[in-house]
Amino acid sequence: MIDLSLNEVETLSTKAARGAGFSWGLAEDIGRAARRIAVEDDNWGLAMLSLAKNAQSFAAPDPARAARWRKGETDKPAETPLCPIRTAALLLDDPLPASALPLAIIDVGLPVWLDAMLRRSAMRMARPVGPVTRADVVIERRPEIEQPASGRRGAIDERTLAALNSFAARTYVPESEGSRVRGAGGGRVDDE
């Protein structure tokens, strides 16, 4: 096992999320959520790897479904599980009216991420479901907003770290002889 600082957990998770296809904004949200998961759970690395591997198989909430949520209507399942990150972003960017809560959402993929994303908001999952791949969840009002998580390190095994680094490597600019000649990288003495 390798111990990473919480800053390293957040940075690696942000890069891996971007490498998995999330926008930079969502990737940064994922990094902060990974930090919260790492404080409470030794399996943050596996949760991050599962999110990166399955990122393209989740569906974003469609506008008709989001409209039903806002009206407090019963949720209807889609063909593929909901993306926990895009669902959380929707709920955080355009909070539901109090009359729509509690809200039952059907078939959320990797709900641990929805829980982590909502942790610093006025909403929460009524019953955290742990490390499952899919679940129906209930979103409710939070009596008070949690303080930022701190005080731990994130343990990760070498194989999971290598797999996350491979997702992070997708964000790197490919090297070329031309870029080296122009001074990219640290391979020569700086002339400035």
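**View 1. Helices H1 and H7 packed together in the predicted model.** Helix H1 covers residues 6-19 and helix H7 covers residues 158-168; their axes lie 7 Å apart and form an angle of about 55°. H1 is therefore oblique to H7. The crossing of H1 past H7 is left-handed.

**View 2. Residues at the contact of H1 with H7.** From H1, the residues are Leu12, Lys15, Ala16 and Gly19. They meet Leu161, Leu164, Asn165, Phe167 and Ala168 of H7. By class, this contact has 6 nonpolar, 2 polar and 1 charged residues.

**View 3. The crossing of helices H5 and H6.** The axes of H5 (residues 84-93) and H6 come within 8 Å, with a crossing angle of roughly 30°. Because angles under 35 degrees count as roughly parallel, H5 is described as roughly parallel to H6. This crossing of H5 and H6 is right-handed.

**View 4. Residues at the contact of H5 with H6.** Pro84, Ile85, Thr87, Ala88, Leu91 and Leu92 belong to H5, and they meet Trp113, Leu114, Met117 and Leu118 of H6. The contact of H5 with H6 comprises 9 nonpolar residues, 1 polar residue and no charged ones.

**View 5. The largest pocket and its lining.** The largest pocket holds about 330 Å³ of space. It is lined by 22 residues, of which Ile37, Asp41, Val112, Gly130 and Pro131 are the closest to its centre. At least two lining residues come from each of helix H2 (24-40), helix H3 (44-54), helix H6 (111-118) and strand E3 (123-125). The lining of the largest pocket divides into 11 nonpolar, 4 polar and 7 charged residues.

How values were computed:
Residues are numbered from 1 along each chain as its sequence is written. This is a predicted model: local features need pLDDT of at least 70, side-chain atom pairs count only at pLDDT 80 or more; totals for chains, interfaces and linings use all residues. Side-chain values use heavy atoms; hydrogens and water are left out. On a 1 Å grid over the protein atoms alone, a cavity is a set of points where a 1.4 Å probe fits but cannot get out, and a pocket is an open set with protein on both sides within 12 Å along at least five of seven lines; lining residues have an atom within 4 Å of a point. Grid points are joined across faces, edges and corners, and a volume is the space filled by probe spheres set on the points. Helices (H or I, at least four residues) and strands (E, at least two) are DSSP runs, numbered from the N terminus. Ala, Val, Leu, Ile, Met, Phe, Trp, Tyr, Cys and Pro count as nonpolar, Asp, Glu, Lys and Arg as charged, and the others, Gly among them, as polar. Axes are lines fitted to C-alpha atoms, for helices over the stretch in contact, and angles run from 0 to 180 degrees between N-to-C directions. Angles under 35 degrees count as roughly parallel, over 145 as roughly antiparallel, 65 to 115 as roughly perpendicular and the rest as oblique. A crossing is left-handed if the near helix is turned anticlockwise from the far one by less than a right angle, and right-handed if clockwise. Contact means heavy atoms within 4.5 Å.
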